[in-house]
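Work through the exercises below with the structure at hand. Try each task before you read its solution.

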Amino acid sequence: MLLIDLDRFKVINDTLGHGPGDELLIEVARRLRGCVRHSDQVMDGALESAGVRSHRTLEAVGRLGGDEFIALLPEVLDDDDAERVSMRILEAMREPIFVGGQECFVTASVGIAMFPRDGTSVADLMRNADVAMYSVKNTGRNSSAIYSPMLAGRGREKLELETALHKAIERNELVLHYQPKIDVRSARMVGAEALMRWQRGTTLVPPGDFIPLAEETGLIVPLSEWALKEAARQAKVWSVNFGFADSIAVNLPNRMFERTDLVEHIHQCVSAYGVPHRAIQLEITETGLMKDLQHVLPSLHRL
């Protein structure tokens, strides 16, 4: 079983519209059909010992939904043969597709599961092909991978990490490290930047291991809400202890702009600790905001 997922199809669909997106899916399906043998014809001169005619088992490819396709290859018996088919599929995707008057290039991520080694039921095979496919997504896309128990182990690790991250705030495991901002001309500190870290037991989890997961799951929103409050608290402590009057920069992810009460929330964070609004400096990535500028502009103006 091959699970085939188109890479970044959503970008094409959102940019050109659903009509051209459907045209692209139809063309992809046509190319995929050309990569498998749709044959249930009798093999010439072949007879079984019992006198029954032998025939090739039907291979099939179909669309599961969205931008995901599945190929069933009952006569593929080993990994090498499955990989050859997946390479044919990837090669078929290399040629540009013309839809909506636009030339588009589409790549795919392919996950492979073998019967009966990787599952004896449809559900098991699909789940394991899905695990293999997502391992391709996580390592750069436009390739294929064969399922292995090690890949499933990584999936379990990710699930465990996500569960632990849900509990990190209530367990007070998140910490902010502060990087000073220095004016090189005057050699004086002009502020600080807050960097989020996760103290998971005795292990300090690097941001590269949990920030992408937080963004993927939506947990980046409560994490960022906590960071704003914690930075405001720290600004108050420094103000009392040694007269700190500069700003602490906090990264504000694009998902935070989904909050209709974003400005009120920021106001509550600084008011709770009696620090001025200028105590918190917001760092915003422009490229992400540009995707939904109409909804973002009112909050930006208010800020």
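## Exercise 1: The largest pocket

Task: Find which residues lie nearest the centre of the largest pocket, then name the elements that line it.

Solution:
- Start with the lining. The largest pocket is lined by 33 residues.
- Go to the centre. Tyr-134, Lys-137, Asn-138, Lys-158 and Glu-216 lie nearest to it.
- Now list the elements that give two or more residues to this lining. They are strand S1 (2-6) and the helices H1 (9-16), H4 (122-138), H5 (149-168) and H6 (207-217).
- Finish with the volume. The largest pocket holds about 1,400 Å³ of space.

Keep in mind that this is a predicted model.

## Exercise 2: Cysteines

Task: State how many disulfides a search of the whole structure finds. Then decide whether Cys-35 is buried or exposed.

Solution:
- The search covers the whole structure and finds zero disulfides.
- Check Cys-35. The nearest cysteine sulfur belongs to Cys-104 and is 19 Å away. A disulfide needs two cysteine sulfur atoms within 2.5 Å. Cys-35 is in no disulfide.
- Turn to burial. Buried means under 20% relative accessible area. Cys-35 has 5%, so it is buried.
- Apply the cut-off to Cys-269. Its relative accessible area is 4%, so Cys-269 is buried.

## Exercise 3: A nonpolar patch

Task: Name the residues that make the nonpolar surface patch of about 210 Å². Then place Leu-303 in the chain.

Solution:
- The patch is made by Leu-297, Leu-300 and Leu-303.
- Locate Leu-303. It lies in the segment after helix H10 (293-302).
- Judge its exposure. Partly exposed covers the range between buried, under 20%, and exposed, over 50%. Leu-303 has a relative accessible area of 42%, so it is partly exposed.

Technical notes. Residues are numbered from 1 along each chain as its sequence is written. This is a predicted model: local features need pLDDT of at least 70, side-chain atom pairs count only at pLDDT 80 or more; totals for chains, interfaces and linings use all residues. Side-chain values use heavy atoms; hydrogens and water are left out. Patches are made of residues with over 30% relative accessible area and no salt bridge: like charges are joined within 9 Å, nonpolar side chains (Val, Leu, Ile, Met, Phe, Trp, Tyr) within 5 Å. Accessible areas come from the Shrake-Rupley method with a 1.4 Å probe; for residues, only the protein chains shown count as cover. A salt bridge is a side-chain nitrogen of Lys or Arg within 4 Å of a carboxyl oxygen of Asp or Glu. Helices (H or I, at least four residues) and strands (E, at least two) are DSSP runs, numbered from the N terminus. Buried means under 20% relative accessible area, exposed over 50%, partly exposed in between (1.4 Å probe, protein chains only). On a 1 Å grid over the protein atoms alone, a cavity is a set of points where a 1.4 Å probe fits but cannot get out, and a pocket is an open set with protein on both sides within 12 Å along at least five of seven lines; lining residues have an atom within 4 Å of a point. Grid points are joined across faces, edges and corners, and a volume is the space filled by probe spheres set on the points.
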